[in-house]
Every structure is written in structure tokens, then in C-alpha cells.
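Let's take a friendly walk through a protein model. Have a look at the chain first, and then read on.

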Amino acid sequence: DHGNVELASSMPPKNDPPAEAVASRREWQILEPSIQNCQYITNDEKKEIVLGDGTELAFLSQLLFVNKPSGWSTLPTKQQLDNPACPTYPCLSDSVIEWLKTDPKGKERLLQAQLDEQHWWNNHVLETEPRNSMQRRELKKKIRKQDKQMEKMATFEPRPAHRLDIDTSGIVCIALTPTALRNANMLFEKKSRSGVEKELDMDEVCVEKRYAALVEGSVDKDSSAGVISHAIGKVWSDDHNEWACDLHDDASFAFIRHNGSSDTTTFVPDSLRDATTLYKAVDWGTVQTNGHSKSVTRVELTPVTGRGHQLRLHMASMRHPIVGDYMHGDKGTINKEEQLCLHASQLSMDSFCFASNDGENASLQRCRIVIESTPPF
């Protein structure tokens, strides 16, 4: 459910042009989440959160979900940071910040996020009565943290809580306040739930990401769903490191690309990390390329871990590289308008929200939200 979709400018407006003119230049979209489940936070649970014994989550109003186009960097590239005038990829975070600072709807969105943060501190954190000396010390820490967070908010610039590769399109979560960024970062660093169809458990705080991909070849319908578990690490190739997966699960062979040979069988020391991907084929078809018909399969991918190039490497290791993946697939076999056919299509996560705007009487809820985005391929 995309909800209300607004387009956001990739170019900073000059002299505040009409909103219609700005909208015509926008290339990324705002995606509104749907709320699947809510649970009221009791006063005791709230005290645990405030006093450091419970899980802190970002507030829904302090998160912005956007659809990143393929070919955009999530954050400024190293070349941009070294030389801002250097021509490079359009940058999503820069464009979103510009929208939040200049567009009336963006300004309103950012202001509401800041007000909700102040409301949380003033009416929930600082009103909590500690029950022992340890909790009194913890509350004092919270008060000092509030002062620091309020100072940070004055100069804070919204920032993505995670990244997508430049060639990958889809959902990106952007934190609008420093507290939201800290809490969202911690949530994204946790592993995803371990099952594609696992029943929702409100006691389990987590993030689950799903991707849509178009892969080369016809995935066998008898094994159309399964688990890929090959560790991923780095190998030294020519003058740089490349991501590779441990195809034989014994660190003896570093798989880099389909129908190619690894230049080395040695992984960079201590670079191998466990990596697990769940896959499910959902549709089979063909595409025309260079006058020939070639088989493709549409798949859903759920990364249980988050390693570099994990989805690309795992699908290529099955002999079904993602269409447009010229790093780990067959170079030039299928040209889908030179676009990597990998899209972050669904994101589900937990957040806090207020059940009402009734000032001090607003009830705190924990909700599971789902954001969806349609693949462009």
C-alpha cells in the first residue's frame, strides 16, 4: 500500500518556484507506510524503556520512506566528498534534505518530527519516577542525553538509516531527528527474522527487507523456493578488493562471477562473514535480446544477513545471476536497458507512535509498519 505518493525534487529550487514546477523535476517518491499491528505500551514498559531496560524505537513521524531510483547514490560518494564539484551520481540524501528545507510540505514534515521528539522527552522521559538508586543514575544520564540531543537537533541533517547500492532501486528509510537515526540504525543492524512466512510476533523487534529481482534462466519449479547460505568476504583482485562468496563453504574457492574464474582462491584474512538469503520464484517468462528469446525468472529475495553484494552473489552462485548485474553475472548476455533488475520492494519494521495528539495524555504505542514499492521492471 503506497498510500499518498509525492514526488521530490532532485534539484534545489531557485527563488522558491511554484510547487507544480518543482514537482515536474522530481525523480524520487515518498512512500507512506501501512500499519499492520499496534500494541499499547504500559506505564511499566514505558518506564523500562526510559530507564534503559527496554528497546528504544524511532517514532513513525520521525521516519521518512522514499523510493530511490536506480543510478542514484544513497549518500554522497567519496568523489563528491573529496570534490563537491565533481560530476557523479545524483545523491538521494542531498535531494531529500533540499526538499525538507525548501518545500512547504517538507518543512512541515520535519517540524512535526522535531516537535514529537520534544514531546517524548518533556512528557514521557522526564516525568518518569525512578524506583532505586540505579534508576536514578540512569534517569540523570537520560536528562544529560536530552540536552545533547536537543543541541544536535539544531544542526542535525536528516540521514538514511541504511543504504542501497547505486544500481539498486527501492525503499530507503530516512531518519529526521538524531534520536530517530540512532534508534533506527540499531534496529537495522539487527538480523532480520529467519522465515519468509513467519507469523508476526509483537514481542520480537526487528526489520525485514524483501527484494524483487529478475534473474537469468528458468529457476527449476521443483526447487522454486529455498535457502542460500554461502559466507561472503573480500578477495584482492588486480589493484582492489572485490566481494566474493565461499562457494564450497570451506574457504577454498572465492566465487566472484558466473561463467568466470576467480583470480584467487584466497580470501582477505578475517573478511568472511556468514550470509543467508531466502529465495522464492514467483513467475517465469522470456525476454528478447539481440534478436533472441532468453528465459528469465522473477524472484522474491529476503536477506537474513546484510553482506556486501549478498543478493547478487547468492543468485549468481545458483547460476541465475540478476539481469543487468555485470559484476557477478554474464557480461552482456541480457540487456534490460542496462538496468540492474534488483528492487527493494518491501520493508517491515517496528516503531513507536502516539495514539493521540492530546498533549500529556497521548498514549504510546508500538506498531509494526509495512512499506511497499512496485519494481520498475
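**Getting started**

This is a predicted model, in which local features need pLDDT of at least 70 and side-chain atom pairs count only at pLDDT 80 or more, while totals for chains, interfaces and linings use all residues. Residues are numbered from 1 along each chain as its sequence is written, and side-chain values use heavy atoms, with hydrogens and water left out.

The chain contains 8 helices and 15 strands. Here helices (H or I, at least four residues) and strands (E, at least two) are DSSP runs, numbered from the N terminus. Of the 377 residues in the chain, 48% count as buried. Buried means under 20% relative accessible area, exposed means over 50%, and partly exposed lies in between (1.4 Å probe, protein chains only). Among contacts between residues at least 6 apart in sequence, 68% join residues at least 24 apart; a contact means heavy atoms within 4.5 Å.

**Helices**

Two packed helices are described by the angle between their axes and the distance between the axes. Helix 6 (residues 133-155) packs with helix 7 (residues 178-189) at an angle of about 110 degrees, and their axes are 8 Å apart. That angle makes helix 6 roughly perpendicular to helix 7. The axes are lines fitted to C-alpha atoms, for helices over the stretch in contact, and angles run from 0 to 180 degrees between N-to-C directions. Angles under 35 degrees count as roughly parallel, over 145 as roughly antiparallel, 65 to 115 as roughly perpendicular and the rest as oblique.

Which residues in helix 6 and helix 7 meet? From helix 6 come Lys 145, Gln 149, Lys 152 and Met 153, and from helix 7 come Pro 178, Thr 179 and Arg 182. By class, this contact of helix 6 with helix 7 has 2 nonpolar, 2 polar and 3 charged residues. Ala, Val, Leu, Ile, Met, Phe, Trp, Tyr, Cys and Pro count as nonpolar, Asp, Glu, Lys and Arg as charged, and the others, Gly among them, as polar.

Thr 177 is buried, at 0% relative accessibility. Not counting residues up to four places away in sequence, Thr 177 touches Gln 62, Ala 113, Gln 114, Glu 117, Met 153 and Phe 156.

Helix 8 (residues 310-317) is largely enclosed by the rest of the structure, because 8 of its 8 residues are buried. Among them are Leu 311, His 314 and Met 315. Arg 319, which follows helix 8, has a positive phi near 70 degrees.

**Empty spaces**

Rolling a probe the size of a water molecule over the atoms shows where empty space is left. On a 1 Å grid over the protein atoms alone, a cavity is a set of points where a 1.4 Å probe fits but cannot get out, and a pocket is an open set with protein on both sides within 12 Å along at least five of seven lines; lining residues have an atom within 4 Å of a point. Grid points are joined across faces, edges and corners, and a volume is the space filled by probe spheres set on the points.

The largest pocket holds about 700 Å³ of space. Of the 27 residues that line this pocket, Arg 163, Lys 209, Tyr 211, Gly 306 and Arg 307 are the closest to its centre. Helix 7, strand 7 (207-216) and helix 8 are the elements that give two or more residues to the lining.

There are also 2 cavities of 30 Å³ or more. The largest cavity is lined by residues including His 162, Lys 209 and Tyr 211, while Thr 179 and Phe 352 are among the residues lining the second largest cavity.

| Space | Volume | Residue classes in the lining |
|---|---|---|
| Largest pocket | about 700 Å³ | 10 nonpolar, 9 polar, 8 charged residues |
| Largest cavity | about 50 Å³ | 5 nonpolar, 2 polar, 2 charged residues |
| Second largest cavity | about 40 Å³ | 5 nonpolar, 3 polar, 1 charged residues |

**Loop residues**

Asp 249 lies in the loop between strand 10 (240-246) and strand 11 (254-255). Asp 249 is not a glycine, yet its phi is positive, about 60 degrees. With a relative accessible area of 47%, Asp 249 is partly exposed.

Arg 273 belongs to the loop between strand 11 and strand 12 (276-289). Arg 273 and Gly 306 are 33 residues apart in sequence and 9.8 Å apart in space, C-alpha to C-alpha.
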